[in-house]
Amino acid sequence: MENQELKHIIKTIENLMIEDNKMKIAEYIIPGPPVSMARPRFWNGRAVTAKKSRDYKRLAEKLIKLQLKNAGNIKAEEDHVLHVDIQYFFPRPKSLKRKKDSQEYIPHFKKPDLDNLIKMTNDILSDLAFHDDRQIFKITSQKFYTTYDYQTKKEGFIGSIIKIWVLEC
């Protein structure tokens, strides 16, 4: 993934957002296919989270910590009211890599469910980017199949882009 393409994606998302009464405090990127929060399974009287969810959460937390460190550890204050915007980008299945298919982003409406993706993202960001997810007043989120160039057979960015805004109340 080229840096210019990632900047273009971020700029496009920024242009879609209405910036009235908001101040952006953070932006995070988690590369790799997004993973939803799996329901815990109970085994021998204990709740056990699926390995895939657990591993993704650990990796994403490390990436967020690294991005926080590079940004000077900006964390939302406890009294801040937040708007979180999350964009999820998934790899395309073979059935959407034909010449007749759009090369742009295509809405993703299959599993994983958007609400479970949001739960995972909130769990990852809680205590790192903000104190608690109760601070979130508004969440906007979308999920897409990434772009695809059928000539070069290359896909665009796959992962999550998260933006956090402080609302002026």
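The following legends describe close-up views of selected side chains in a predicted model.

Local features require pLDDT of at least 70, side-chain atom pairs count only at pLDDT 80 or more, and totals for chains, interfaces and linings use all residues. Residues are numbered from 1 along each chain as its sequence is written, and side-chain values use heavy atoms, with hydrogens and water left out.

**View 1. Asp85, a buried residue without a salt bridge.** Asp85 belongs to strand E4, which covers residues 82-90; strands (E, at least two residues) and helices (H or I, at least four) are DSSP runs numbered from the N terminus. Buried denotes under 20% relative accessible area, exposed over 50%, and partly exposed the range in between, with a 1.4 Å probe and protein chains only. A salt bridge requires a side-chain nitrogen of Lys or Arg within 4 Å of a carboxyl oxygen of Asp or Glu. For Asp85, the nearest side chain of opposite charge is Lys163, 6.4 Å away; Lys and Arg count as positive, Asp and Glu as negative, and His and the chain ends are not counted. The side chain of Asp85 does make a polar contact, at 2.6 Å, with the side chain of Thr140. Such a contact is a pair of N or O atoms within 3.5 Å; within protein, one must be able to donate a hydrogen and the other to accept it, and residues adjacent in sequence count only if both atoms are side-chain atoms.

**View 2. The salt bridge between Glu27 and Lys163.** The closest N and O atoms of Glu27 and Lys163 are 3.3 Å apart. This pair links distant parts of the chain, with Glu27 in strand E1 (residues 22-31) and Lys163 in strand E9 (residues 159-167), 136 residues apart. Glu27 is partly exposed at 26% relative accessibility, whereas Lys163 is buried at 0%. The search of the whole structure finds 7 salt bridges.

**View 3. A salt-bridge network that includes Lys51 and Asp55.** The side chains of Lys51 and Asp55 meet in a salt bridge of 2.7 Å, N to O. Both residues lie in helix H2 (residues 51-70), 4 residues apart, about one turn of the helix. Lys51 is exposed at 53% relative accessibility, and Asp55 is partly exposed at 32%. Together with Arg58, Lys51 and Asp55 are linked in a network of salt bridges.

**View 4. The salt bridge between Glu155 and Lys97.** Here the closest N and O atoms are 3.8 Å apart. Glu155 lies in strand E8 (residues 154-155) and Lys97 in the loop between E4 and E5, so the pair ties together parts that are 58 residues apart in sequence. Glu155 is partly exposed, at 26% relative accessibility, and Lys97 is also partly exposed, at 29%.

**View 5. An aromatic cluster of Phe89, Tyr105, Phe144 and Phe157.** The whole structure holds 4 aromatic pairs. Rings of Phe, Tyr and Trp (its six-membered ring) pair if their centres lie within 6.5 Å; planes under 30 degrees apart count as stacked, over 60 as edge-to-face and the rest as tilted. Phe89 and Phe144 are stacked, at 5.8 Å centre to centre and 20° between the planes. Because Phe89 lies in strand E4 and Phe144 in strand E6 (residues 136-145), this pair ties together parts that are 55 residues apart in sequence. Both Phe89 and Phe144 are buried. The rings of Tyr105 and Phe144 have their centres 5.8 Å apart and their planes at 50°, so this pair is tilted.
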